[in-house]
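Subject: Handover of a structure and findings

Dear colleague,

Please find below the structure that I am handing over to you.

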Amino acid sequence: MPFAAQIKPYLARWAAEKNLLQHDVVFLTEWLELLTQRERNLSGRFDIAQKNVLIKLICKAGAR
């Protein structure tokens, strides 16, 4: 399955449930892993800002 198709459900859930999901370490980690895999397997420009947001949220949620 293409990475874009794998990432799309995460974007949709994030749009619908951002307040809840920003504390869900499992969701955030899975999404970050997909973005990281996409970078490793494809060349081109990537959304580094999104990865940085996810890393900050994971750190913040993990500290709870």
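Predicted model: local features only at pLDDT ≥ 70, side-chain atom pairs only at ≥ 80, totals over all residues.

Tryptophan 31 deserves a separate paragraph. Its relative accessible area is 1%, so tryptophan 31 is classed as buried, the limit being under 20%. When neighbours within four places in sequence are set aside, tryptophan 31 is in contact with Ile7, Tyr10, Leu11, Trp14, Gln50 and Leu54. For leucine 11, which is 20 residues away along the chain, the C-alpha to C-alpha separation from tryptophan 31 is 8.9 Å.

Packing of α1 against α2

The axes of α1 and α2 are 10 Å apart and form an angle of about 150°. Angles over 145 degrees count as roughly antiparallel, and α1 and α2 are therefore described in that way. The crossing of α1 past α2 is left-handed. On the α1 side, the contact involves Phe3, Gln6, Ile7, Tyr10, Leu11, Arg13, Trp14 and Leu21, which meet Phe27, Leu28, Glu30, Trp31, Leu34, Leu35, Gln37, Arg38 and Asn41 of α2. Sorted by class, the residues of this contact of α1 with α2 comprise 11 nonpolar, 3 polar and 3 charged.

Arginine 38, located in helix α2, is in contact with Phe3, Ile7, Phe46 and Asp47, leaving aside neighbours within four places in sequence. Between arginine 38 and valine 25, which are 13 residues apart in sequence, the C-alpha to C-alpha distance is 20 Å. Asparagine 41 is also found in helix α2. With a relative accessible area of 53%, asparagine 41 is exposed. The C-alpha atoms of asparagine 41 and phenylalanine 3 are 9.4 Å apart in space, although the two residues are 38 apart in sequence.

Packing of α2 against α3

Helix α2 (residues 25-41) packs on helix α3 (residues 48-62) at an angle of about 150°, with 9 Å between the axes. The two helices, α2 and α3, are therefore roughly antiparallel, and α2 passes α3 in a left-handed crossing. From α2, the contact draws on Val25, Leu28, Thr29, Trp31, Leu32, Leu35, Thr36 and Glu39; from α3, on Ile48, Gln50, Lys51, Leu54, Ile55, Leu57, Ile58, Ala61 and Gly62. The class count for the contact of α2 with α3 is 11 nonpolar, 4 polar and 2 charged residues.

Which residues does leucine 28 contact beyond its neighbours within four places in sequence? They are Trp14, Leu21, Gln22, Leu54, Leu57 and Ile58. Leucine 28, a residue of helix α2, has a relative accessible area of 0% and is buried. Its C-alpha atom is 19 Å from that of proline 2, and leucine 28 and proline 2 are 26 residues apart in sequence.

Glutamine 50 is placed in helix α3 and counts as buried because its relative accessibility is 19%, against a limit of under 20%. With neighbours within four places in sequence left aside, glutamine 50 is in contact with Trp31 and Leu35. Lysine 51, likewise in helix α3, is buried at a relative accessible area of 15%. Not counting residues up to four places away in sequence, lysine 51 touches Leu32, Leu35, Thr36 and Glu39.

Yours sincerely

Methods. Residues numbered from 1 in each chain as written. Heavy atoms only, no water. Axes fitted to C-alpha atoms, helices over the stretch in contact; angles between N-to-C directions. Helix = DSSP H or I, 4+ residues; strand = E, 2+ residues; numbered from the N terminus. Parallel < 35°, antiparallel > 145°, perpendicular 65-115°, else oblique. Left-handed = near helix turned anticlockwise from the far one by under 90°. Contact = heavy atoms within 4.5 Å. Nonpolar A, V, L, I, M, F, W, Y, C, P; charged D, E, K, R; others polar. Buried < 20%, exposed > 50% of the residue type's maximum accessible area, 1.4 Å probe, protein only.
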